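Here's a quick briefing to read with the model open beside you.

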Amino acid sequence: MNTITTSFLLPTTAKPEHVWQYYVDLSLRKLWETDLEDFKLFGEMKTGAEGIFKLQNTPEMPVTLSKVIVNQEFTEQFKMPDMGVFYFSHQIVSIATNQYALKSEISLKPNQNVADSASYHFIKQLSDDIIDKTYALKNLVER
C-alpha cells in the first residue's frame, strides 16, 4: 500500500527560533505534548540520530530522526512491526515575509498485510491528536 499522509497548518505570530525551543527542549515539549513521558537522543539532534520515545500508557519505542533542519523542521520515524513505518513531522513554515505557521504532518507507510480500516483508524486518531497539540503549542509560543 502507498503512504498515507495528513497535515495541519496553523498560522502563528511566533518566530521560528522561539518555536524551535519548544520542539527540542524536552521540558518545553512536554508543555504541549502532554502525553510525552520521555524523548532521548543518542547524540546530537541531526538527521539520522537515533533515540527512545515514550508516550503515556505505551512501551518505549525506538525513534530515528529522518530529517532535521534547525529552526524549520524535524521528522521522527518509527518502525512499528504490526503497522508499518510512521513519520511525525514538526515544521515551522514561512507563509509570507515574516509570517509563519506551525505545520504538523503524519504519514504512514502501512505493511502489506495491514487492512485499510486499520490504517484509517490509526491515522484518524493521530490526526485529531496533532490538531490539539498544534493549538497547544501555538498558545505557548505566542505568550
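This is a predicted model: local features need pLDDT of at least 70, side-chain atom pairs count only at pLDDT 80 or more; totals for chains, interfaces and linings use all residues.

**Overall fold**

- You'll find three helices and seven strands in the protein.
- Reading from the N terminus, the order of elements is β-α-α-β-β-β-β-β-β-α.
- The radius of gyration comes out at 15 Å, close to the 15 Å that the globule rule gives for 143 residues, so the protein is as compact as a globular protein of that length.
- Taken along the principal axes, the C-alpha atoms fill a box of roughly 45 × 30 × 25 Å.
- Some 43% of the 143 residues count as buried.
- Among contacts in the protein with a separation of 6 or more, 47% are between residues 24 or more positions apart.

**The largest pocket**

- Its volume is about 370 Å³ for the largest pocket.
- The lining of the largest pocket is made up of 17 residues, and those nearest the centre are Leu-55, Met-61, Phe-86, Phe-122 and Leu-126.
- Four elements each bring at least two residues to that lining: β3 (50-55), β5 (73-80), β6 (84-96) and α3 (116-141).
- Of the contributors, α3 gives the most, with six residues.
- Sorted by class, the lining has eleven nonpolar, four charged and two polar residues.

- Thr-12 belongs to strand β1 (residues 4-12).
- Why does Thr-12 count as buried? Its relative accessibility is 9%, and the cut-off for buried is under 20%.
- The Thr-12 side chain makes a polar contact with the side chain of Glu-142, at 2.8 Å.
- Setting aside residues up to four places away in sequence, Thr-12 touches Tyr-100, Ala-101, Leu-102, Lys-138, Val-141 and Glu-142.
- Over in strand β6 you'll find Ser-89, which counts as buried at 5% relative accessibility.
- Which side chains does the side chain of Ser-89 make polar contacts with? One is Glu-73, at 3.3 Å, and another is Gln-91, at 2.8 Å.

**Phe-39 in strand β2**

- Phe-39 lies in strand β2 and counts as buried, with 11% relative accessibility.
- Leu-26 is 13 residues away from Phe-39 in sequence, and the C-alpha to C-alpha distance between them is 6.9 Å.
- Beyond residues up to four places away in sequence, Phe-39 touches Leu-26, Arg-29, Ile-52, Phe-53, Val-63, Leu-65 and Glu-76.

- How far apart are the C-alpha atoms of Asp-35 and Glu-17? They are separated by 24 Å, with the two residues 18 apart along the chain.

**Two asparagines with positive phi**

- Asn-71 has a phi near 65°, a positive value in a residue other than glycine.
- You'll spot Asn-71 in the loop between β4 (61-69) and β5.
- With a relative accessible area of 26%, Asn-71 is partly exposed.
- Asn-98 has a positive phi too, about 60°, although it is not a glycine.
- The loop between β6 and β7 (99-110) is where Asn-98 is found.
- Is Asn-98 buried or exposed? Asn-98 is exposed, with a relative accessible area of 55%, and the cut-off for exposed is over 50%.

Definitions and conventions
Residues are numbered from 1 along each chain as its sequence is written. Side-chain values use heavy atoms; hydrogens and water are left out. Buried means under 20% relative accessible area, exposed over 50%, partly exposed in between (1.4 Å probe, protein chains only). A polar contact is a pair of N or O atoms within 3.5 Å; within protein, one must be able to donate a hydrogen and the other to accept it, and residues adjacent in sequence count only if both atoms are side-chain atoms. Contact means heavy atoms within 4.5 Å. On a 1 Å grid over the protein atoms alone, a cavity is a set of points where a 1.4 Å probe fits but cannot get out, and a pocket is an open set with protein on both sides within 12 Å along at least five of seven lines; lining residues have an atom within 4 Å of a point. Grid points are joined across faces, edges and corners, and a volume is the space filled by probe spheres set on the points. Ala, Val, Leu, Ile, Met, Phe, Trp, Tyr, Cys and Pro count as nonpolar, Asp, Glu, Lys and Arg as charged, and the others, Gly among them, as polar. The radius of gyration is taken over C-alpha atoms; the globule rule is 2.2 Å times the number of residues to the power 0.38.
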